[in-house]
Amino acid sequence: MLPHCSLLLLLCVARLLSTTSALPFEQKGFWDFAMDSLDSGGLMTMMRDEEEGSAVEEILPPDISMCPFGCHCRLRVVQCSDLGLTEVPQNIPRDTKFLDLQNNHITELKENDFKGLTNLYGLSLRNNLISKVHPRTFVPLKHMQKLYFSKNLLTTVPKNLPASLVEIRIHENRIKKVAAGAFAGLGNMNCIEMGANPIHNSGFEPGAFKGLKLNYLRISDAKLTGVPKDLPDSLHELHLDHNQIQAVELEDLSRYKNLFRLGLGYNHIRNIENGSLSFLPRLRELHLDNNRLTHVPKGLPDMKYLHVVYLHSNNIAQVGMDDFCPRGFGMKRTFYNGISLFDNPVNYWEVQPATFRCVSDRLAVQFGNYKK
């Protein structure tokens, strides 16, 4: 049996490392990565194997090597982070489920770097110097679902990604172009994080996201000047914060009828064309803070499920009595539980109390002193 303290430590780690999709992903340690498998039961199965002694007593076939020098191997997790590696180590056990290679100096992925690792579920290459990936590097990884490739020197999306891939994080690279068919064959893909790349709107070729059924996409901290065209219409979350978007035009959001959360904070938006928001009937959260809006966007009262609106740090000088709430209570299915208007030149004492008649609690409305 595992010692009591080891089991308790694993359970505590699993509890603490829950993520939130509203914030950019930041991986601090490899267990952030490995614990994602709890839902699939992979890690618990490995723990049970060791408790029953199978992980210790199992006799490995002669073609399966021991743990690579300097790495730590346990519960089919191979940790080779922070070792100053310049290439992927050899002799990685073939039953490895998670491979941690983050925080090294790897510059290139070769064709046979992951040969034989057909059971690999997750791979972290975060914070290396990788600029070159062989087209057949990922071919052996038939069951890989998680690929963390952030903080490298990639200029394009790697080719021939495994069809089993569910999540890829390639933020903080040097990607300027996403070619048509870059994600071809990835019908299981659910989440793409590709912020902090120097990509403009013209960098997305038509068909770049064709065939994807994404729920989550973040392209923040890039060079976008408008809402990108032809993103997957299946999206539930779209984060375009920290860009240079100037306006939201009428047809920009027309294909995203499934959005629950839209992030447009920290842009240069001065205008949201009337009727633009009517294409988002299921929207729950709208983030428009830190822009250059001069008035509350039109159409909010008609959004039946909207309950959080961030409008702070804009140039809004006046709030009308019907800017947020419909005239008839029956039209709104969900009452607001968060409206932020602080850091705007609007005098809160001039706003009619009835303006927030469809807010669940008076504390949900946040005003504040405006400073020029």
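Which residues does Ser234 touch, not counting residues up to four places away in sequence? The points below take this up after some remarks on the model and the chain.

1. Basis of the note. This is a predicted model, in which local features need pLDDT of at least 70 and side-chain atom pairs count only at pLDDT 80 or more, whereas totals for chains, interfaces and linings use all residues. Residues are numbered from 1 along each chain as its sequence is written, and side-chain values use heavy atoms, with hydrogens and water left out.

2. The chain as a whole. The secondary structure comprises 4 helices and 18 strands, where helices (H or I, at least four residues) and strands (E, at least two) are DSSP runs numbered from the N terminus. Of the 372 residues in the chain, 47% are buried; here buried means under 20% relative accessible area, exposed means over 50%, and partly exposed covers what lies in between, with a 1.4 Å probe and protein chains only. The chain exposes about 18500 Å², of which carbon and sulfur atoms supply 51%, the areas coming from the Shrake-Rupley method with a 1.4 Å probe and, for residues, with only the protein chains shown counting as cover. If one takes the contacts (heavy atoms within 4.5 Å) between residues at least 6 apart in sequence, 50% of them join residues at least 24 apart.

3. Ser234. This residue sits in the loop between strand 10 (216-218) and strand 11 (237-239), and it is buried, with a relative accessible area of 14%. Leaving out residues up to four places away in sequence, Ser234 touches Leu212, Lys213, Leu214, Asn215 and Asn258, which answers the opening question. For one of these, Asn215, the C-alpha atom is separated from that of Ser234 by 6.2 Å, although the two residues are 19 apart along the chain. A polar atom of the Ser234 side chain lies 2.7 Å from the backbone oxygen of Leu214; a polar contact is a pair of N or O atoms within 3.5 Å, where within protein one must be able to donate a hydrogen and the other to accept it, and residues adjacent in sequence count only if both atoms are side-chain atoms.

4. A search of the whole structure finds 3 disulfides, each being a pair of cysteine sulfur atoms within 2.5 Å. Cys67 and Cys73 form one of them, with their sulfur atoms 2.0 Å apart, and the torsion about this S-S bond is about 80°, so the disulfide is right-handed. Cys67 is partly exposed at 32% relative accessible area, and Cys73 is partly exposed at 33%. Cys71 and Cys80 form another, with sulfur atoms 2.1 Å apart; with 115° about the S-S bond this link is right-handed, and both Cys71 and Cys80 are buried.

5. The disulfide of Cys325 and Cys358. These two residues are joined with an S to S distance of 2.0 Å, and the torsion about the bond is about -90°, so the disulfide is left-handed. The pair links distant parts of the chain, 33 residues apart, with Cys325 in the loop between strand 16 (308-310) and strand 17 (338-340) and Cys358 in the loop between strand 17 and strand 18 (365-366). Cys325 is buried at 2% relative accessible area, and Cys358 is buried at 2%. With bonded cysteines counted along the chain, the disulfides follow the pattern 1-3, 2-4, 5-6.

6. Nonpolar core. The largest nonpolar core has 85 residues, and Phe138 and Phe324 have the most contacts inside it; such a core is a set of buried Ala, Val, Leu, Ile, Met, Phe, Trp, Tyr and Cys residues joined through side-chain atoms within 4.5 Å. Not counting residues up to four places away in sequence, Phe324 touches a set of residues including Val296, Leu311, Tyr336, Ile339, Phe356 and Cys358.

7. His307. Located in the loop between strand 15 (285-287) and strand 16, His307 counts as buried at 18% relative accessibility. Beyond its neighbours within four places in sequence, His307 is in contact with residues among them Arg284, Glu285, Tyr336 and Gly338.

8. Positive phi values. Asn160, in the loop between strand 7 (146-148) and strand 8 (167-169), has a positive phi of about 55° although it is not a glycine, and at 48% relative accessibility Asn160 counts as partly exposed. Glu172, in the loop between strand 8 and strand 9 (191-193), likewise has a positive phi, near 60°, in a residue other than glycine, and Glu172 is partly exposed with a relative accessible area of 32%.
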